[in-house]
Amino acid sequence: MTGGNSPYSLIVTDIDNTVFNWVDYYVTAFNALLDAVGQCIGSSREELAGQAKDVFSAHGSIEYPFVTQELKSVNKYYGDDIDGMLTGAVWKGREAFNLAAQSVLHPYSDVVRSLAKIKRTYPNLPIVALTDAPRYVAMWKLNKLGILNFFDAVYGLADPRVPICMLTSRIKLDNEILVKHLQQINFGFKGKIRILPDDYEKPGIRGLKTVLMDYDLDEPIERRKKVLWIGDNLRKDVGLGNRLKLRSAWAEYGADLPPALLASLALFSPAQNIHKNVYLKSSDSDAPKPDVVFQSFSDLLTELNIGK
Ligand SMILES: [Mg+2]
């Protein structure tokens, strides 16, 4: 597939902090979840945040969606009363998370307009999302953001593991959620979904290289110059693009995060996730150099020669 008169044959973009403010969304929504769960079982946000770190580490994802069921204090409080847990802390936590997410889960202001203009101008130019989030979580977010159907393909990591009660071997999910999980719900997405092995995580090259191979843009190496790769993290995203000799765009606006928000994230994020999910600008004077810097997502339009 080619992009018509587009200067590029393929656009590949990161999602978190590139098409929306992930830190603002996740800190706000997850704190709401912790507060709601805490109210159910009489624990503080701080105490549960510390326990959440352990769960996220064990599951290899800070966006593990069944975190409540795995919190130490939640399990201690409910014991083998799984129904009580599901209708109590888990339901209340999910409700609070979703409600809070509604107010903060929005694309950056120029994303919808830009994606729509690209699709109008170059209907055959594929736009691919490549993320280290689990495939389900990535699609859930893109769907809520209202931009899922602008993408031709979503590449993410494996779906989350189902939580199981050690005492009774019962699955700690209500039936509706379990069915969604088993059906690998795709939100009506018409594009291609590809689940990458966990060790294809960025900044390893294998995830992005898989995209290039799928679009027949990997070899010969000159073909890769027809690929534009966008991400907010100089080390993880731009560094990766440079190693693969693509054209790398740095979404600098995504790295602009208030310290108070980062401090709040640090309360429940495993240390390695802070660097994984957030690019800390000030700590990096010898970071990889991008080919182009985007001050906003719509700079992509200039890069594609279609004005702003
Ligand atoms: Mg990112």
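This is a predicted model: local features need pLDDT of at least 70, side-chain atom pairs count only at pLDDT 80 or more; totals for chains, interfaces and linings use all residues.
**Ground rules.** I number residues from 1 along each chain as its sequence is written, and I use heavy atoms for side-chain values, with hydrogens and water left out.

**Metal site.** The protein donors are Asp14 (OD), Asp16 (O) and Asp232 (OD), at 2.1 to 2.2 Å from the ion, and along the chain they follow the spacing D-x1-D-x215-D. Helices (H or I, at least four residues) and strands (E, at least two) are DSSP runs here, numbered from the N terminus.

I then checked accessibility, where buried means under 20% relative accessible area, exposed over 50%, and partly exposed in between (1.4 Å probe, protein chains only). Asp14 is buried at 6% relative accessibility, and Asp232 is buried at 4%.

**Salt bridges.** I searched the whole structure for salt bridges (a side-chain nitrogen of Lys or Arg within 4 Å of a carboxyl oxygen of Asp or Glu) and found 20.

Asp16 forms a salt bridge with Lys141 (2.9 Å, N to O); because Lys141 lies in helix H7 (residues 135-144) and Asp16 in the loop between S1 and H1, the pair ties together parts that are 125 residues apart in sequence. Both of these residues, Lys141 and Asp16, are buried. I also noted a salt bridge between Asp218 and Arg224 (2.9 Å, N to O), both of them buried, and a network of salt bridges that links Lys209, Asp218, Glu219 and Arg224.

**Helix faces.** In helix H6 (residues 111-121) I listed Val111, Ser114, Leu115, Ile118 and Lys119 as buried. Seen down the axis of H6, these buried residues fall within an arc of 130°, so they line one face of the helix; the arc is that of the directions from the helix axis to the C-beta atoms. What covers them includes strand S2 (127-134) and helix H13 (299-303), contact meaning heavy atoms within 4.5 Å.

In helix H11 (residues 259-266) the buried residues are Leu261, Leu262, Ser264 and Leu265, and they cover an arc of only 160° around the axis, which puts them on the same side of H11. The face turned away from that buried side carries the exposed residues Pro259 and Ala260.

**Nonpolar cores.** I took a nonpolar core as a set of buried Ala, Val, Leu, Ile, Met, Phe, Trp, Tyr and Cys residues joined through side-chain atoms within 4.5 Å. The largest has 82 residues, of which Tyr25, Phe30 and Phe268 touch the most other members, and its largest share, eleven residues, comes from H1. Leaving aside neighbours within four places in sequence, Phe30 is in contact with Ala52, Phe56, Val67, Phe97 and Phe268. A second, separate core of 18 residues includes Val128, Leu157, Leu196 and Leu208.

**Backbone geometry.** Most residues other than glycine have a negative phi, and most peptide bonds are trans. I found a cis peptide bond between Lys202 and Pro203, with omega about 5°, and Pro203 is in the loop between S4 and H9. Another cis peptide bond joins Glu219 and Pro220, with omega about -10°, and Pro220 lies in the loop between H9 and S5.

Asn17 has a positive phi of about 65° although it is not a glycine; Asn17 is in the loop between S1 and H1 and is buried at 0% relative accessibility. Lys245 also has a positive phi, near 65°, but Lys245 is partly exposed, with a relative accessible area of 48%.

Terms used
Donors are N, O and S atoms within 2.8 Å of the metal (3.2 Å for Na, K and Ca); water is not among the atoms, so sites may look incomplete.
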